[in-house]
Each structure stands twice: as structure tokens, then as C-alpha cells.
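Work through these exercises with the model open beside you. Try each task before you read its solution.

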Amino acid sequence: MTQPPAPQHGGRLRRAAAEYALPLEGWLDLSTGVNPRHYPQLADLSPALWQRLPEEEDGLAALAAQHYGAPHALPLAGSQAAIQILPLLRPTARVGIVTPGYAEHRHAWDRRGHSVVALAPEPRAIEAALERLDVLLVINPNNPTGHHFLPETLLTWHARLATRGGWLIVDEAFLDATPTLSLAPYTARAGLMVLRSLGKFYGLAGARVGFLLAAPECLAQAAYELGPWCLAGPAREVARRALDDSAWQHANREWLMRARARLVRSLTHNGLTPAGHCALFAWVPHPQAARLHRALAQRAILTRLYTTPSGLRFGLPGAEAEWQRLDQALAHVTQGGGVCA
């Protein structure tokens with residue numbers, strides 16, 4: 001059977017370096033939305049973590065549930081693991097996915113034979129389709145547009161779906177900077193699943209740690225499908241440290257809010273006013289997005305290019321030199337580089 005093509009992602013620096021014939025070490029990667037100031041307490045991991053099989057009795061699930069304010073949590077290898085598992089847990093369904101959005105969601109449901117419907121991000125459009133859906137999938141805040149849905153709106157949609165055994169799945173991979181918008185506290189309710197990730201807010205994408213928050217029956221099914229040892233021991237230890245460090249989390253939220261405001265100012269000053277943003281990225285729809293993407297890449301700055309709709313997602317620089325480099329590149333490509341703002 002022919003498989004649907006896999007989605008493309010940001011962060012492919014080696015590919016970009018080869019395409020533009022620029023040294024790999026010289027790139028500024030703004031394509032992923034990952035926090036450039038990662039959680040730092042990682043240097044003293046015990047060698048035993050590499051020698052022993054991971055132990056699920058290490059308290060990580062309880063710590064994650066407490067941290068997110070959820071009744072229950074299942075640690076897994078990034079929220080990507082949950083994205084791939086959830087389509088296996090129910091019969092063929094009609095699935096509405098708010099679009100544009102993270103393409104792996106549609107890919108996962110498509111490849112398991114479900115009927116997927118693309119939904120515009122306006123609440124009226126979603127509500128009009130709700131009675132025809134078995135599953136509604138929302139990314140909050142949306143990736144790439146940064147649009148937020150309010151918890152009360154999402155809970156109303158869940159209640160309507162739940163009356164006939166439907167599901168609401170909310171991907172909260174970019175929500176850590178605004179935790180009051182989370183549906184995690186409500187995930188004991190049947191048919192409500194929330195995905196969280198350590199990769200974005202904590203800047204630990206390489207650890208591949210995520211969590212599925214849901215009712216115990218759903219988590220048990222997911223754990224059965226995943227099998228043993230789906231999350232490596234060192235990654236489990238990194239996750240425990242990060243989730244337990246409330247002082248770092250508070251300081252990080254403050255830095256992200258300042259950095260997000262600076263990114264919006266920089267883009268706006270150069271004629272690229274964002275149409276949406278969250279703490280970790282800004283979304284700039286633009287008819288010449290592909291030309292802007294190439295012009296920045298020629299200066300070894302990688303953005304995330306979207307073609308439907310046409311736009312760029314900009315992540316955050318980290319060091320001051322990176323901010324200045326972005327400012328200079330934006331000024332060049334929008335004013336003197338031949339790309340109309």
C-alpha cells in the first residue's frame with residue numbers, strides 16, 4: 001500500500017548548509033520554535049543511567065501530573081509518540097483538524113485510514129462541523145499561527161463531542177509560558193486528551209520527552225501500544241530535574257515574554273508585522289515568503305517556510321549577537337535585498 005508522504009519539518013541544518021553551500025557551524029536556526037536558552041542542569045547525569053534499563057517507578061509520571069495540574073500523566077518519547085499512538089486507539093473515525101497546523105497530526109490519522117477534515121481556525125467554522133465529527137484536534141496555541149483558543153470554548157466543544165463518545169485532543173506543545181490556558185486539569189474526563197512536550201519551553205528537543213494527559217483507561221491503552229522502555233533513562237532524569245525546578249521555570253517565562261516582544265518589534269520595524277505569535281515564535285504571512293526564506297538562508301539564517309498559506313515562522317534568537325544579526329539581515333532582505341515588505 002502506498003504511504004502518504006511524510007511531513008517536512010524545521011531544524012534540518014545539514015540539509016540547509018548543503019543547499020546553500022554555507023558552513024554548518026555558522027547558521028542561526030530560527031526554524032523550530034525551540035527555546036534557545038535550554039534548561040541548564042544537565043552536566044552531572046549519573047553513568048548508571050546509561051547502564052540500566054529505564055524504571056517507570058521513578059516518580060516521573062506523578063511529578064508530571066503534579067506539574068501540569070493533571071490527574072494522570074503518561075511519559076513518552078516526545079508528544080510525537082502520542083500523535084502516532086492516538087489514531088490506533090479508536091475505530092475508523094471522522095477527524096476534524098484545525099488547519100494550518102502541525103502536519104504530523106493529519107499524517108498520523110491519514111495513515112491509519114481515518115477520514116480527516118481540514119477546519120478553518122474560526123470558532124464558528126469548528127462549531128458548524130462539530131456534529132459531524134468523532135474527533136476534534138486543536139493545537140493551542142496553534143503552530144504556526146500562534147492563535148489561542150480559550151479553555152471555556154474548548155471545554156464546551158468537548159462536552160458536545162463526549163455526549164456521543166467523541167474525543168477532543170489538544171496539543172499544548174507551546175503552552176508552557178501561559179499555563180492558565182491549559183486543559184490539563186480536566187483530563188480525567190472521558191474523551192479529553194492533552195499533549196505536552198519538554199522540547200519547546202525547556203529547549204530540550206533532543207531529549208525527546210513528552211506527556212499524554214488523559215483518563216487512566218486511555219493512558220493504559222496507550223502504554224500497552226507503546227510497550228516497555230519507550231523513554232530512555234537519561235531523558236527521564238532530565239525531565240524530572242526540569243519539571244521540579246520552579247525557579248527556573250518562572251525566570252524562563254519572564255525571559256520568553258521579553259524575547260517574544262523584541263522579536264515582534266524587530267519584524268514589525270522591518271515591514272514584516274506578525275499576524276500571530278506565542279512566547280516561542282512569531283507568524284508572518286507573506287505572499288513572497290519563499291523569496292524571504294531564501295534571502296535569509298543565503299545569510300545562514302534558517303526560518304520555517306510554509307506554502308499553504310504562504311508565510312514564515314520565526315523562532316527566537318538567544319545571544320545578543322544573534323539578535324543583532326537577525327536585525328541586520330531583516331533590514332537587508334526587506335529594504336535592500338529586493339524583497340518587497
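A residue counts as exposed when its relative accessible area is over 50%, as buried when it is under 20%, and as partly exposed in between. Keep in mind that this model is predicted.

**Exercise 1. A bridge across the sequence**

Task: Find the salt-bridge partner of Asp44, and say which parts of the chain the pair ties together.

Solution. 
- Step 1. Side chains of opposite charge can pair when their charged atoms come close.
- Step 2. Asp44 pairs with Arg241, and their closest N and O atoms are 2.5 Å apart.
- Step 3. Asp44 sits in the loop between β1 (28-29) and α2 (48-51), while Arg241 belongs to helix α9 (residues 233-243). The pair therefore ties together parts that are 197 residues apart in sequence.
- Step 4. Is Asp44 buried or exposed? Its relative accessibility is 58%, so Asp44 counts as exposed.

**Exercise 2. Bridges within a helix**

Task: Work out how Glu237 is placed relative to Arg241, then do likewise for Arg106 and Asp110.

Solution. 
- Step 1. An α-helix has 3.6 residues a turn, so residues three or four places apart point the same way.
- Step 2. Glu237 and Arg241 are four residues apart in helix α9, so about one helical turn separates them. They form a salt bridge, with the closest N and O atoms 2.9 Å apart.
- Step 3. Glu237 is buried, because its relative accessibility is 16%.
- Step 4. Shared partners join salt bridges into one network of Asp44, Asp58, Arg236, Glu237, Arg240 and Arg241.
- Step 5. Now turn to helix α5 (residues 103-111). Arg106 and Asp110 are four residues apart there, so about one helical turn lies between them. Their side chains meet in a salt bridge of 3.2 Å, N to O.
- Step 6. Arg106 has 36% relative accessibility, so it counts as partly exposed. Asp110, at 31%, is partly exposed too.
- Step 7. How many salt bridges does the structure hold? The count is twelve.

**Exercise 3. Inside the protein**

Task: Name the residues that touch the most other members of the largest nonpolar core, and list contacts of Leu243.

Solution. 
- Step 1. The largest nonpolar core has 72 residues. Leu136, Leu168, Leu198, Tyr202, Phe211, Leu243 and Phe314 touch the most other members.
- Step 2. Which helix gives the most to this core? Helix α10 (residues 246-269) does, with six residues.
- Step 3. Leave aside residues up to four places away in sequence. Leu243 then touches residues including Leu60, Leu63, Ala64, Tyr68, Leu198, Tyr202 and Phe211.
- Step 4. Look at helix α3 (residues 60-68). Its buried residues include Leu60, Leu63, Ala64, Ala65 and Tyr68.
- Step 5. What covers the buried residues of α3? The cover includes β2 (74-76), β7 (192-197), β8 (210-213) and α9.
- Step 6. After α3 comes Gly69, with a positive phi near 75 degrees.

**Exercise 4. A threonine and its polar contacts**

Task: Find which backbone oxygens lie by the side chain of Thr334.

Solution. 
- Step 1. Thr334 is part of helix α12 (residues 320-336).
- Step 2. Its side chain reaches the backbone oxygen of Leu330 at 2.6 Å.
- Step 3. The backbone oxygen of Asn270 lies 3.3 Å from a polar atom of the Thr334 side chain.
- Step 4. Thr334 has a relative accessible area of 10%, so it is buried.

Conventions:
Residues are numbered from 1 along each chain as its sequence is written. This is a predicted model: local features need pLDDT of at least 70, side-chain atom pairs count only at pLDDT 80 or more; totals for chains, interfaces and linings use all residues. Side-chain values use heavy atoms; hydrogens and water are left out. Helices (H or I, at least four residues) and strands (E, at least two) are DSSP runs, numbered from the N terminus. Buried means under 20% relative accessible area, exposed over 50%, partly exposed in between (1.4 Å probe, protein chains only). A polar contact is a pair of N or O atoms within 3.5 Å; within protein, one must be able to donate a hydrogen and the other to accept it, and residues adjacent in sequence count only if both atoms are side-chain atoms. A nonpolar core is a set of buried Ala, Val, Leu, Ile, Met, Phe, Trp, Tyr and Cys residues joined through side-chain atoms within 4.5 Å. Contact means heavy atoms within 4.5 Å. A salt bridge is a side-chain nitrogen of Lys or Arg within 4 Å of a carboxyl oxygen of Asp or Glu.
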